[in-house]
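Me: Can you walk me through this one? I'd like to start with how contacts are defined.

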Amino acid sequence: MQIEEKHVMTMLVDNEPGVVSRVAGLFSGKGFNIESICSSPTHDPRVSRITIVTQANAPVVEQIEKQLRKLVNVIKLRGLNGPRCVRRELALACIQFKPEQRAEVLKVVELLNGKIADAGLSHLIVEVSGEQEEVQTALNLLEPYGIKKLTRTGPIGLIREPK
Amino acid sequence: MEMTGSQILMQVLLEEGVDTIFGFPGGAVIDIYDELAKTEIRHILVRHEQGAVHAADGYARASGKVGVCLVTSGPGATNTVTGIATAHADSIPLVVITGQVPTHLIGNDAFQEVDIVGITRPCTKHNYLVKSTADLARTVKEAFYLARSGRPGPVLVDIPKNVANSRSLYHPLGPIRMRAYNPTYQPNVKQLRQVARLVETAERPVIFSGGGVILSGGGAELTRLARSHRIPVTTSLMGLGGFPGDDPLFLGMLGMHGTYAANMSTGACDLLLGVGVRFDDRVTGKTEAFASQAQIVHIDIDPTSIRKNVPVSVPLVGDCRASLQQLNAMTTEEPNAAVADKRRKWLDRIGEWKETQPLSYQQDRAIKPQYVVEQVCALTKGEAIVTTEVGQNQMWAAQYYRFNHPNHFITSGGLGTMGFGLPAAIGAQIACPEKTVVDIAGDGSIQMNIQEMATAVQYGLPVKIVVLNNGYLGMVRQWQELFYGRRYSATRIEYAPDFVKLAEAYGAMGLRARRPEEVIPVLTEGLSVKRPVIMDFVVEAEESVYPMVPAGAPITEMLLV
C-alpha cells in the first residue's frame, strides 16, 4: 500500500460553462477525492485557472493528472508542490466571544497578522491568509474564543519564475 | 451566405462525408429533419433510439467512418445513453446529434427537456450544447474531428430548436485545430528503441493485440512484426481479427474465457508487447499475478490507459499503426532460419499447450452452441461480418469463429451491452452491402432490441440472426451454477416468443433447428436468401463457456471442460 499524500494541482482551462463540472465529475466518476477546489478566470477572459487539492498515492495521482489532461477543455496542468511554488490560502472566520474577551481577541488577531473584515461588540470576522499551515495555526489559536462560522478558499498558487 | 442552423448542419455533415444517418424524428428536430429530406444523405429510421446509436456504431466499426445519429430531445436523447456508453467503452467514433428545447426554455422543465449534455458528460469523449447558430458549424466540425482523431469516441452535439431555426452567416471552415487537444501519433524514438531492443532480445515474447490495432488500421504491421520475429499473438475480445486467426502463431483470445495456450503463454512469457489494449480486468484476472515473469511494453495512443491497471516497463504513447510501422522499420527482417531456431523452444512449448488443451466441446444428442458457431464459420468461409449480443453467445462467437480480417468482429466488449448485436448488424450491413452479416445472439439478449427487425425488413437488409436458444440468461446461469450452488435466480427464461413466428410477423424469414443434423440445412438455407432471417437453434440448455477463469483469480488458473 503506497502512502497517500496531499497533492496540489493547478490547471488552465477554457472559461466555458460546464468546465468545472467536467473536472469535478471526473473526480467523482473515477472515485478520486477532492479536498478543495478553487476556480476563477485569469487575466485572459477565455481562460480560467482551477486549483485542486487531492489526497492520493502516487500512481493514483499520475492517473488523475493523465485523466485531467485528457479533458478537451484542460489546456495545461501542473503539480503545485514543493518549494518551487508559491501557495496561499485565505480563510474568513467569524469569532464570537464575551465582550470582556474583546481586547484579548484583538491582540491575538494582531499577532496572527489577521485583518478584521467585520466587527461587532461580541463578534469579529477575521481574515487570515498564508501558507495552508499558517492559516491552520491561526485558526487553532482563534478556536478557543469560539469560531461560529468558517470558510476557506483552499490553496491557490503559482509556480515561481526561474531566477 | 446566410443560412438556417438546419441548413448549416446539413452543409457540415456533407463536408464531413456523411452519407448515412441513423435516427428517429421528434418535435425538437423537426426542422433538421425537414432540411435532411432535401439532401442526398440517407436516413435510416430505426424503431428505438438505442437502436440508432448501436446501428451507427456497427456502421462505424464495419466501415471505419464516423457513425452519425440524429434524435429528438428528452426521451429521444436519454434513449441514446446506453449506445453512447457502449461506443465510449470501445472507442468507436460517433457523432450523436440531439435536439433540445429552445434556449429560452432550457432549465424550465419544458416538455421533452432533459440535460443530455450533463447526463452524457462521463460517457462521451466530449459533448456540446450549441447556444447560438453562429457557433454551430464550428461545433459540428469539432465534434467530427474529436470523434475520429486520437483515441476515437462518441461526441454529442445538443442543438436547441431555435438554434436550428435561426439564421447565421456560414463560411466553410478549414481544418480544425484545438488548443488543448493534440493527440500524440508519433511515438517517442528513444522509447521505441527500447522496445525494439526488447523485441530482439526476448526469449519468450508474446504480442497482446487489442481494439486499438483495429481502430488504427495497424493489423498488417502487427502481422508483419509477429511473423518476422516469430512472436505468438493473443488478442483481447476487441482485438480479434487484428491478426489472422488461421495463422499458426495465433494463440486465441486472452483472459477470462481465453484459450489455455493464450493464458499459459502470457503467464510464462518474458516479454508481453501490449498494443492498443487497456489491460481490462476480464483480461488480466488477478493483476498481481498477470504476466508475472514478463517485462510489459504498452503501446497506446491514450496515455491514461498506460499504467492504469498493470505496471509497465516501457510505455509508448502513440498511434498503434505508426508505432508498429516504425518498430518494423527498426527491427524487421525477412523471416529467417536464425529467428526460427531461436524461437523453436518457446513455440514448441506453446504448441504443447495448444495440443493438450484446445477449445473443445462434446457434440451429442442436443445441438451444441459451439457447433452452431463453427458451422456458421465454415459456411461463411470465415468471411462474414459477425456481430454479437453479450454473454455466452458472445464468448462462443469469439472462440469458435475464426477471424482473419480486422473490422469483421463487432461486439460490445467494454460495456457488455445486451441488445447490441441486431442493430449493430443493421449498421454493418448498410456499410457493407455485399457482405454476409451474422448476429450471433442468445434468446435473452435478442429480445432487448428485437424491434429493429422492422428496420432490417423495411430497408431490405439481409442480416442473419443466429439465436443460440438455451432458455436461460446463460452467462449468469453459468456463474450461478459454478459459484452460487446452482441456484438459478431469475435466469430461467420461462416464457419466450416463438422466434420463427416472430420473424414472420416482422416480414422476415424464420427457421428452426432442434437436432444436430438440422443445423447445416437451416444455416445453408438461412444464409442463402437475400432477406433478413432469424434462425432459432434450440441448443443444450446448460452448456457453459470454457475455459473459464473465476473473477479475481490468476488467468493461468482456468476451469477447463
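Reply: Two residues are in contact if their C-beta atoms, placed from the backbone, lie within 7 Å. This is a predicted model: local features need pLDDT of at least 70, side-chain atom pairs count only at pLDDT 80 or more, and totals for chains, interfaces and linings use all residues. Residues are numbered from 1 along each chain as its sequence is written, and chains are lettered from A and ligands numbered from 1 in the order in which they are written.

Me: How many residues of chain B are in contact with chain A?
Reply: 13 residues of chain B, against 15 residues of chain A.

Me: New topic. Which domains does chain B have?
Reply: Domain 1 is 2–169, domain 2 is 189–356 and domain 3 is 369–538. The bounds come from an automatic or database domain assignment.

Me: How far apart are the C-alpha centres of domain 1 and domain 2 of chain B?
Reply: They lie 37 Å apart. Five residues of domain 1 of chain B are in contact with five residues of domain 2 of chain B.

Me: Which residue stands opposite B:Ile385?
Reply: B:Val437 in E17(B). E15(B) and E17(B) (residues 437–442) pair in the parallel sense over four bridges. Pairing takes at least two bridges found by DSSP.

Definitions and conventions. Helices (H or I, at least four residues) and strands (E, at least two) are DSSP runs, numbered from the N terminus.
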